[in-house]
Amino acid sequence: MLTKIIGVSLIVSVTGWIGLQKAFQLTHRTRAIRQMRMAIDFLEKEIAYARNPLEEALRRTANISSEPVKGFFETISSSLREDLSAPAREAWNRGINHLCKQQVFTAEDLAVIGLIGTRIGVSDASDQIRMLRQAGAELKIQEEKSRRQEDGEKKLWSYGGFLVGLIISILMV
């Protein structure tokens with residue numbers, strides 16, 4: 001009897017924890033998209049008003065950001081600093097690879113962020129600003145989609161994990 005109680009509590013705890021983790025991932029994605037959008041707005045202002053060189057603008061953007069966005073901009077900035085002859089597109093792609101490892105953003109989010117890398121550092125400031133504004137607007141749409149998904153699925157995953165554990169436990173007993 002004691003082993004059944006321990007087994008049931010373990011099953012319910014584990015499935016509940018899995019559900020809570022998935023719910024947290026939904027919240028974390030929305031927060032990360034918002035942070036990326038704010039960082040891109042900051043980068044736009046660094047390019048438009050401060051007229052800083054790209055590497056310095058990226059470094060300053062990393063300094064005001066939090067993870068995973070901070071690591072993204074740090075990766076790009078350090079890539080540009082290490083190899084001055086490397087195009088900004090390659091450094092941007094290294095940053096995208098860093099974001100892929102974090103597993104916070106979806107492929108659709110990364111595609112929007114990746115579009116910036118095609119124009120950053122190869123065109124004049126006004127074209128880069130226009131591209132950053134466009135990406136910011138697209139990230140705002142992604143953020144709204146993520147928030148709708150979070151609102152619809154967060155409780156489902158939170159409660160669903162525990163309920164699945166209870167169902168499994170009832171079937172086993």
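Mentor: Let's start with a definition: helices (H or I, at least four residues) and strands (E, at least two) are DSSP runs, numbered from the N terminus. This is a predicted model, in which local features need pLDDT of at least 70 and side-chain atom pairs count only at pLDDT 80 or more, while totals for chains, interfaces and linings use all residues. Residues are numbered from 1 along each chain as its sequence is written, and side-chain values use heavy atoms, leaving out hydrogens and water.

Trainee: Thanks! How many helices and strands does the protein chain have?

Mentor: There are six helices and zero strands in the protein chain. Following the sequence, you read the pattern α-α-α-α-α-α. With a radius of gyration of 21 Å, well over the 16 Å that the globule rule gives for 173 residues, the protein chain is more spread out than a compact globule. That radius is taken over C-alpha atoms, and the globule rule is 2.2 Å times the number of residues to the power 0.38.

Trainee: What box do the C-alpha atoms of the protein chain fill?

Mentor: Along the principal axes, the box is roughly 70 × 30 × 25 Å.

Trainee: How can I check the span of helix α1 against its number of residues?

Mentor: The expected span of a helix is 1.5 Å times one less than its number of residues. Helix α1 (residues 2-50) has 49 residues and should span 72 Å; its end C-alpha atoms are 68 Å apart, which agrees.

Trainee: Which residues does a cis peptide bond join?

Mentor: Look at Glu67 and Pro68, where omega is about 5 degrees. Pro68 sits in the loop between α2 (54-64) and α3.

Trainee: Now for the surface. Is Gln103 buried or exposed?

Mentor: Buried means under 20% relative accessible area, exposed over 50%, and partly exposed in between (1.4 Å probe, protein chains only). Gln103 has 70% relative accessibility and therefore counts as exposed.

Trainee: What about Ser77: buried or exposed?

Mentor: Ser77 belongs to helix α3 (residues 69-82), and its 2% relative accessibility makes it buried. Not counting residues up to four places away in sequence, Ser77 touches Glu55, Leu58 and Arg59.

Trainee: Which residues is Ile116 in contact with, leaving aside its neighbours within four places in sequence?

Mentor: Ile116 is in contact with Ile40, Trp92, Met131, Leu132 and Ala135. Ile116 is part of helix α5 (residues 107-119) and, at 1% relative accessibility, counts as buried.

Trainee: What share of the contacts with a separation of 6 or more comes from residues 24 or more positions apart?

Mentor: Such residues account for 66% of those contacts in the protein chain. For one case, take Val8 in helix α1, which touches Ser169 and Val173, not counting residues up to four places away. Val8 is partly exposed, with a relative accessible area of 28%.

Trainee: Where is Tyr159, and how is it placed relative to Ile33?

Mentor: Tyr159 is in helix α6 and counts as exposed at 55% relative accessibility. Tyr159 and Ile33 are 126 residues apart in sequence and 25 Å apart in space, C-alpha to C-alpha. Helix α6 (residues 125-172) also holds Arg130, which counts as exposed at 52% relative accessibility.

Trainee: Last one: how many positive and negative side chains are there?

Mentor: Lys and Arg count as positive and Asp and Glu as negative, while His and the chain ends are not counted. Each charge is placed at NZ of Lys, CZ of Arg, CG of Asp or CD of Glu. The protein chain has 24 positive and 20 negative side chains, with the centres of the two sets 5 Å apart.

Terms used. Contact = heavy atoms within 4.5 Å.
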